[in-house]
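My notes follow in the order I looked things up.

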Amino acid sequence: MSKGDSIKEVLDKASKGDKAALGRLLTIIETSPKKASMVVSEILHEEGGAHVIGITGIPGSGKSTLISRLISHYKDRGLKIAVIAIDPTSPLSQGALLGDRIRMQEHATSPNVFIRSVPTRGVKGGLSFSGVTMIEVFDKLGYDKIIVESIGVGQTDIDIMNVAHTIVVVTTPGLGDDIQALKAGIMEIGDIYVLNKSDKPEANKTYAYLDFALDLGELGGVDKRGWRPRLLKTSAIMGEGIQELADSIKEHLEYIKASNKYMEKIQTRRMLMIKLLAEKIFLEKLEDLAEKGDKIRLEKNNSLYQACINLIKKVSRELERE
Ligand SMILES: Nc1nc2c(ncn2[C@@H]2O[C@H](COP(=O)(O)OP(=O)(O)O)[C@@H](O)[C@H]2O)c(=O)[nH]1
Ligand SMILES: [Mg+2]
């Protein structure tokens, strides 16, 4: 791969399994909205068949460790797996025990696994845009499972979880933080709830509480759409409960494929990607004009600037309704 490659050439190389080219493609998405638009126009009409799995929960709940186990599970079955880690507090390779780190490194060098940590700062294209576009790229490149790790806080996490086919909420024994999370609303969105660290002595008590909350409908409850959220116990560190988790994830995929939800999520994702990209390009263009000495000023209270933003919002709302 040489620096002078066109976007199409980089994409082509990435689709032949060139990981460096794929890495470069993702960097383009993060750093240049204009070039990202070229990537988007190349991939938009391609159909992939990926299953997007969102894994969310407070920092330290064991998401990365659990993901490492899921990677092994899927890898053993010959699947291609991509991981997008949007987590400022514990990047996939840090915070883990030595064994986990070694396992993660093994994953990273496997031809069927691609792991990307997305920095939460300095992403010029915006974090939500980067996240959804990366999902779209992995989908196009034939990845079977695209796992997104996030802490479930803020607009990006909401955007990303909105486009995930299956959402797994990870909690741990000891209720303090979990109650906070419940109140913050992230506990309502799960299709599957995982009580990780079930090797800890307080696990049974927490499990009983979560089971009760699920029955009451406090954890999403019996879904109006026909899916009752599952509650599972895992110990990511001991490798326990992973098969059951993978089974539940598979069951949920079958459920959304049987209903319309699978395609609806893909449409939501593409809509969001286009909407965010349009915003970025539009603003970049405005900035260009301003730099060229045009009379446009980009102060927040500038009426032209505000009018543009309002127009974009209006159009995207209308598109969403269609
Ligand atoms: N006891 C116990 N510790 C775990 C388990 N899973 C993860 N951990 C530990 O919890 C810490 C945070 O794990 P990590 O996967 O980085 O959590 P994340 O921030 O949610 O991604 C690490 O020290 C892990 O080794 C588990 O099942 N049991
Ligand atoms: Mg993590």
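I started with burial over the whole chain: 40% of the 322 residues count as buried. For my own reference, buried takes 20 or more other C-beta atoms within 10 Å of the residue's own, exposed takes 12 or fewer, partly exposed is in between, and the C-beta atoms are placed from the backbone. I have to remember that this is a predicted model, where local features need pLDDT of at least 70, side-chain atom pairs count only at pLDDT 80 or more, and totals for chains, interfaces and linings use all residues. Residues are numbered from 1 along each chain as its sequence is written, while chains are lettered from A and ligands numbered from 1 in the order in which they are written.

Next I looked at the elements. I find 12 helices and seven strands in the protein chain; these are DSSP runs numbered from the N terminus, with helices being H or I of at least four residues and strands being E of at least two.

Then contacts, meaning two residues whose C-beta atoms, placed from the backbone, lie within 7 Å. Of the contacts with a separation of 6 or more, 74% are between residues 24 or more positions apart.

**Helix α1**

I asked which residues of α1 (residues 7-15) are buried. They are Val10, Leu11 and Ala14. Down the axis of α1 these buried residues fall within an arc of 100 degrees, so they line one face of the helix; the arc is taken over the directions from the helix axis to the C-beta atoms. I noted the background too: an α-helix has 3.6 residues a turn, so residues three or four places apart point the same way. The buried residues of α1 pack against α2 (19-31) and α3 (33-43).

I also checked Ser15, which is in α1. Ser15 has 17 C-beta neighbours inside 10 Å and counts as partly exposed. After α1 comes Gly17, with a positive phi near 100 degrees.

**Helix pairs**

Here I wanted angles and distances. Axes are lines fitted to C-alpha atoms, for helices over the stretch in contact, and angles run from 0 to 180 degrees between N-to-C directions.

α1 and α2: I get about 135 degrees, with the axes 7 Å apart. That makes α1 oblique to α2 (under 35 degrees is roughly parallel, over 145 roughly antiparallel, 65 to 115 roughly perpendicular and the rest oblique). The crossing of α1 past α2 is left-handed, meaning that the near helix is turned anticlockwise from the far one by less than a right angle; clockwise would be right-handed. Val10, Leu11, Lys13 and Ala14 of α1 meet Ala21, Leu22, Arg24 and Leu25 of α2. I sorted the residues of this contact into six nonpolar, no polar and two charged. My classes: Ala, Val, Leu, Ile, Met, Phe, Trp, Tyr, Cys and Pro are nonpolar, Asp, Glu, Lys and Arg are charged, and the others, Gly among them, are polar.

α2 and α3: their axes come within 6 Å and cross at roughly 125 degrees. That makes α2 oblique to α3, and the crossing is left-handed. Leu25, Ile28 and Ile29 of α2 make the contact with Lys35, Ala36 and Val39 of α3. By class I have five nonpolar, no polar and one charged.

α3 and α6 (residues 127-140): the angle is about 40 degrees and the axes are 10 Å apart. These two are therefore oblique to each other, with a left-handed crossing. Ala36, Val39, Val40 and Ile43 of α3 touch Thr133, Glu136, Val137 and Lys140 of α6. That contact has five nonpolar, one polar and two charged residues.

**Two single residues**

I looked up Ile81 in strand β2 (residues 81-86). Ile81 is buried, with 26 other C-beta atoms within 10 Å. Not counting residues up to four places away in sequence, Ile81 touches several others, including Ile71, Tyr74, Val113, Tyr143 and Ile147.

Phi of Lys197 is positive, near 60 degrees, in a residue other than glycine. Most residues other than glycine have a negative phi. Is Lys197 buried or exposed? I find Lys197 buried, with 24 other C-beta atoms within 10 Å.
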